[in-house]
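Try each task before you read its solution.

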Amino acid sequence: MSMIIAHRGYSGKYPENTMLAFEKAYEYGADGIELDIQLTKDSKIVICHDEEIDRTSNGKGFIRDYTLAELREFEFRNNMYDLEDETEDNIKIPTLDEFLNWLKTTELMVNIEFKTSIVEYKGIVVKAIELVKERELEDRVIFSSFNHNTIKEVKELDSSLRCGFLTVANLLNPEEYCKKYEVEYYHPMFVSALLSPKIVTDCKKLGIGVNAYTANDSEHIQALIALNIEGVITNEVELAIQ
Ligand code: G3P
Ligand code: CA
């Protein structure tokens with residue numbers, strides 16, 4: 001059975017990439033969490049999808065221009081109000097540190113996506129690996145990125161860390177591409193034009209796992225589970241579990 005991986009936490013119902021969304025994903029039975037990481041002005045790793053905070057918070061501007069303390073002043077409620085179990089803290093921007101401390105208290109896996117395609121964020125790879133290793137969470141982490149140089153950097157630092165290549169378009173022979181760089185997972189968009197049964201079979205033959213993003217209705221979720229891929233990345237945790 002495919003794992004259900006909560007995209008940015010249970011983001012269909014709670015503010016994406018907040019501790020509230022992560023805790024709710026766990027509460028409703030997800031097997032794992034997908035999240036996005038960026039670096040602050042004072043070099044702290046924070047969890048946020050966009051390089052700017054305008055869309056998801058009541059602030060404005062680039063994460064790289066704020067210190068962590070400054071960012072923690074904002075609410076990251078993503079225009080969602082009257083949320084069950086909301087507290088002052090669990091809708092603030094989380095650090096990777098804080099998230100991993102919480103993860104350690106669960107049995108969840110995490111897919112940590114490096115958002116390094118727009119801002120370079122020097123040092124983010126070394127720092128993220130350090131935080132994971134400090135807590136001995138290596139076996140529960142898959143690092144991914146659309147920037148495949150970032151994944152190469154992870155592998156050069158420690159080839160045993162599990163990684164996935166994210167793509168938006170169809171790769172020719174993705175299983176061979178992953179194998180060539182000794183990357184364990186292929187992370188394509190879920191649509192059938194990009195993820196055919198043949199691709200899944202070819203990946204399986206070479207021992208490459210497939211985690212597809214982001215399927216949010218039951219028809220698509222069921223089709224992915226029927227393909228028997230490793231993970232379905234979804235905003236809709238309760239629907240997927242059902
Ligand atoms: O990791 C899967 C998915 O999250 C990639 O796209 O833009 O939602 O980060 P995006
Ligand atoms: Ca992501």
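**Exercise 1.** With which side chain does the side chain of Arg72 make a polar contact?

*Solution.* First, the ground rules. This is a predicted model, where local features need pLDDT of at least 70, side-chain atom pairs count only at pLDDT 80 or more, and totals for chains, interfaces and linings use all residues. Residues are numbered from 1 along each chain as its sequence is written, chains are lettered from A and ligands numbered from 1 in the order in which they are written, and side-chain values use heavy atoms, with hydrogens and water left out.

Step 1. Find Arg72 in the loop between α2 (68-71) and α3 (96-103). Helices (H or I, at least four residues) and strands (E, at least two) are DSSP runs, numbered from the N terminus.

Step 2. List what Arg72 touches, leaving out residues up to four places away in sequence: Asp89, Lys92, Ile93, Pro94 and Glu98. Contact means heavy atoms within 4.5 Å.

Step 3. Pick the polar partner. The side chain of Glu98 makes the polar contact with that of Arg72, at 3.4 Å. A polar contact is a pair of N or O atoms within 3.5 Å; within protein, one must be able to donate a hydrogen and the other to accept it, and residues adjacent in sequence count only if both atoms are side-chain atoms.

**Exercise 2.** Which residues coordinate the calcium ion (ligand 2)?

*Solution.* Step 1. Look for donors: N, O and S atoms within 2.8 Å of the metal (3.2 Å for Na, K and Ca); water is not among the atoms, so sites may look incomplete.

Step 1. Read off Glu34 (OE), Asp36 (OD) and Glu113 (OE), at 2.1 to 2.2 Å.

Step 2. Write their spacing in sequence: E-x1-D-x76-E.

Step 3. Check the cover. Glu34 and Asp36 are both buried. Buried means under 20% relative accessible area, exposed over 50%, partly exposed in between (1.4 Å probe, protein chains only).

**Exercise 3.** Which polar side-chain atoms lie 2.7 Å from an oxygen atom of ligand 1?

*Solution.* Step 1. Take His7: one of its polar side-chain atoms lies at 2.7 Å from a ligand 1 oxygen.

Step 1. Take Lys115: a polar side-chain atom there also has a ligand 1 oxygen at 2.7 Å.

**Exercise 4.** Is Thr214 buried or exposed?

*Solution.* Step 1. Locate Thr214 in the loop between β8 (209-212) and α8 (218-226).

Step 1. Apply the cut-off. Thr214 has 18% relative accessibility, so it counts as buried.

Step 2. Name its contacts beyond four places in sequence: His7, Phe190, Ile233, Thr234 and Asn235.
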